[in-house]
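Q: Please take the assignments in this model one at a time, and set each against the definition on which it rests.

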Amino acid sequence: MTNSDEARRENAALRERSSTLNAAILRINASLDLDTVLGEAVASARRLTGARYGIITTIDETGAHSGSVYSGFTAEEHREMLALPDKARLFEHLRDLPGPMRLADLSGLIRSLGLEPTPIFSRAFQGAPLRHRGVHLGHFFLAEKAGGEAFSAEDEEVLVLFASQAAAAVANARAHRSERQARTRLEALVETAPVGVVVFEANSGRLVTFNRTARRIAESLHRPGCAPENLLEVISCRRADGREIPLGEFPTAHRLDSGETVRAEEIELAVPDGRSVRTLVNATPIQAPGGAVESVVVTLQDLGPLDEIERMRAEFLSLVSHELRGPLTAIKGSAMTLLEEGEALDPAERHEFSRIIVEQANHMRGLIGDLLDAGRIGAGTLTVAPKPAELAELVEPARSAFLSGGGRHAILVDLPAGLPRVMADRRRIVQVLGNLISNAARHAPESSPIRVAAACEQAHVAVSVSDQGRGVAPEQLPHLFRKRVGGGERAAGGHGLGLAICKGLVEAHGGRIRADSDGPGRGTTVTFTIPAAGKPGGTATGQAEDSRPEAAGSDEPPRILVVDDDPQMLRFVRDALSRAGYAPLVTGAPEELAHLIRSERPQLVLLDLLLPGSDGIELMGQVPELADQPVIFISAYGRDETVARALEAGAADYIVKPFSPTELVARIRAALRRHAEPQPFVVGELAIDYERRRVTVGGEPVDLTATEFELLRLLSLHAGRVVTYETLLRRIWSKHDDPSANRVRTFVRSLRRKLGDDAAAPAYIRNKHGVGYSMPGPGDRSGP
């Protein structure tokens, strides 16, 4: 063999080795998955060096072992390797080596450490540290070269090369993981930020992304069926100087690439139908590495809540100054008279001036107490401690206090026998009755009596205070319970707070308050409700027993599903329900509503009025599962028409934020009681006694099958609303093999025939073509 032949063979072997090495590096770089990269690195190193075994160990930032990749081991060998008693000491020694190491026989090193060699991984050996930019990331080991040979210098070069590749992969994976975690934290921070954040593309003005608060601001302006993104086409901006420009001409749209920065500018966003939102806007350009503006981040703070706080502050200061001015003037005048003319006054006159000072000081103390109550009500921190009480024991102290305080009106009390006890905070309900009696006396002739009456209203007792005074114009009735500065046609409680406080106290008990009047000169009746503590004629054993929540037919606490996209409100409601003994289920995703109702079967749903991309009232019609249990809306919007829409849609109640935990629990308890113990249903000559499962028409019993009664019961419980075919089929025929709308129609025809209801002009069961059936609601029960 000539030298030239030997050289050609060596060159060919080098070219093959180089080719194999390059192919291995390409395979390593082809993946971003760390385990795949390390597995390919150790397998390729074994192929190029002829090693039987390969191991890569990695350590974390603290130096602790974070993982290992094994190659070439059979399943049995792998188990033996993991079970080695002295494995940790051996690898700690090898891991601390400063550089590459080659050994012809590893067993000698193992014995020098005082350890016992093993059948595997104890002969030819080489190792190299994984280092990237001076940081130690782990170690790369190869063992037992084929044929029992020792590893060569070329094998060590291969190992060092792959160790470098593996180290770079580990470093890149950790950097990517850190960047991803930082990005996730930043996205979460932006998404939950209390200010709106919107990102626009600089060149085109295209909306890239926006957070939850920005979505809320947009939803207050959006029209049904219009996506928030499409608002950009119709929104106009009113700047602080009064100029109104389309959004397209504002620096946050088509001129974004100019890099103009906006700092804390008040801008009112408006849509053509007149709705608007006043915001504080900041716009910051984001530059690419080359200096060009690539995007703009816009923050929007809704100034509506701040405006409301400022309005409330100004109203409070006006209220305080107005109400305290009168008593202070009387006290100052009487005190000055006593000081300047005391010797000239006879004892009776001095006594009268002293009486005025004491009386007005007591009046001021009452005003301050009312102001504190009004503040607690407004902040949602007012709490009450309801206990079972006889209503007469609450009315009498209020009547006596009015008469002993100089009241000249006769108080007529009409409390029917058999009234149930009520769940009431004694001091607070006496305060409500006292305010209502005083308010009635202030606006009625002294010769006319004031009447206090009561009656049962389902799970509540309704208490009314009536006068024969000036009355209230119909347009003023909705505003009667709002805080106002004194004066006016009928000042609430005489000082703008009495009726507002009554409203807050009643609602804290889970009740409602309303005023009725036939018009000026025809008197006024104010009625409030409080939860009953038991059935008429029954007795309550105490607060703990009456207020304990219980799920029907179960020892488990009732499940309450809470749907609200505000995490702080979810936490507040969850904690309040947990403390009250309920089992809350919370979610911020309205799309999960139907699934959660089917899977968790809650006894009641608390539903926010405004949800991302959804209207709570619309959900009542879109989610059939909501028809199966009571729904209470929670919302910051307390307008009468909004509350009316929610109740007409079938809501069991409506709570205006902010509210106290006491009010929330009381309203839930009352709604569950009404749902569990529905009152007899009467419309025209038709009467349904749910408890005895008895139906009569004109006093005559009607014989119904179990399915017919369930159908009639379901329609009557949802009186005033259309119950869809889908709901009826799911509630009544869910176990039938082939439920269809025709089956519902067949039973409705049979039911109408037995009730004597004419399908052409129905008085009881009405058809909504293609949708379902309904029965007359509370305001539409004239009967046949």
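A: Glu 663 is placed in helix H18 (residues 661-676); helices (H or I, at least four residues) and strands (E, at least two) are DSSP runs, numbered from the N terminus. The model is a predicted one, in which local features need pLDDT of at least 70 and side-chain atom pairs count only at pLDDT 80 or more, while totals for chains, interfaces and linings use all residues. Residues are numbered from 1 along each chain as its sequence is written, and side-chain values use heavy atoms, with hydrogens and water left out.

Q: Why is Glu 663 called buried?
A: Buried means under 20% relative accessible area, exposed over 50%, and partly exposed in between (1.4 Å probe, protein chains only). Glu 663 has a relative accessible area of 7%, so Glu 663 is buried.

Q: Which residues does Glu 663 touch, not counting residues up to four places away in sequence?
A: Contact means heavy atoms within 4.5 Å. On that basis Glu 663 touches Glu 507, Ala 508, Gly 510 and Ile 655.

Q: What makes Arg 694 count as partly exposed?
A: The relative accessibility of Arg 694 is 39%, and therefore Arg 694 counts as partly exposed. Arg 694 lies in strand S29 (residues 694-697). Leaving aside neighbours within four places in sequence, Arg 694 is in contact with Ala 687, Ile 688, Asp 689 and Phe 709. The C-alpha atoms of Arg 694 and Phe 709 are separated by 8.7 Å, the two residues being 15 apart along the chain.

Q: Why is the pair of Tyr 70 and Phe 73 called edge-to-face?
A: Rings of Phe, Tyr and Trp (its six-membered ring) pair if their centres lie within 6.5 Å; planes under 30 degrees apart count as stacked, over 60 as edge-to-face and the rest as tilted. A search of the whole structure finds six aromatic pairs. For Tyr 70 and Phe 73 the centres are 5.6 Å apart and the planes make 85 degrees, so the pair is edge-to-face. Tyr 53, Tyr 70 and Phe 73 form one aromatic cluster.

Q: Are Tyr 70 and Phe 73 buried or partly exposed?
A: Tyr 70, at 25% relative accessibility, counts as partly exposed, whereas Phe 73 has a relative accessible area of 15% and is therefore buried.

Q: How many disulfides does a search of the whole structure find?
A: A disulfide is a pair of cysteine sulfur atoms within 2.5 Å, and the search finds zero. As for accessibility, Cys 456 is partly exposed at 40%, while Cys 502, at 0%, counts as buried.

Q: What is the order of the five strands in the open sheet?
A: The order is S2-S1-S5-S4-S3, with antiparallel pairing; two strands pair if DSSP finds at least two bridges between them. Strand S2 (65-71) and strand S3 (101-103) are the edge strands, since each pairs on one side only.

Q: Which residues have the most contacts inside the largest nonpolar core?
A: A nonpolar core is a set of buried Ala, Val, Leu, Ile, Met, Phe, Trp, Tyr and Cys residues joined through side-chain atoms within 4.5 Å. The largest has 50 residues, and those with the most contacts inside it are Leu 394, Leu 433 and Phe 528. Helix H11 (residues 426-442) gives the most to this core, with eight residues.
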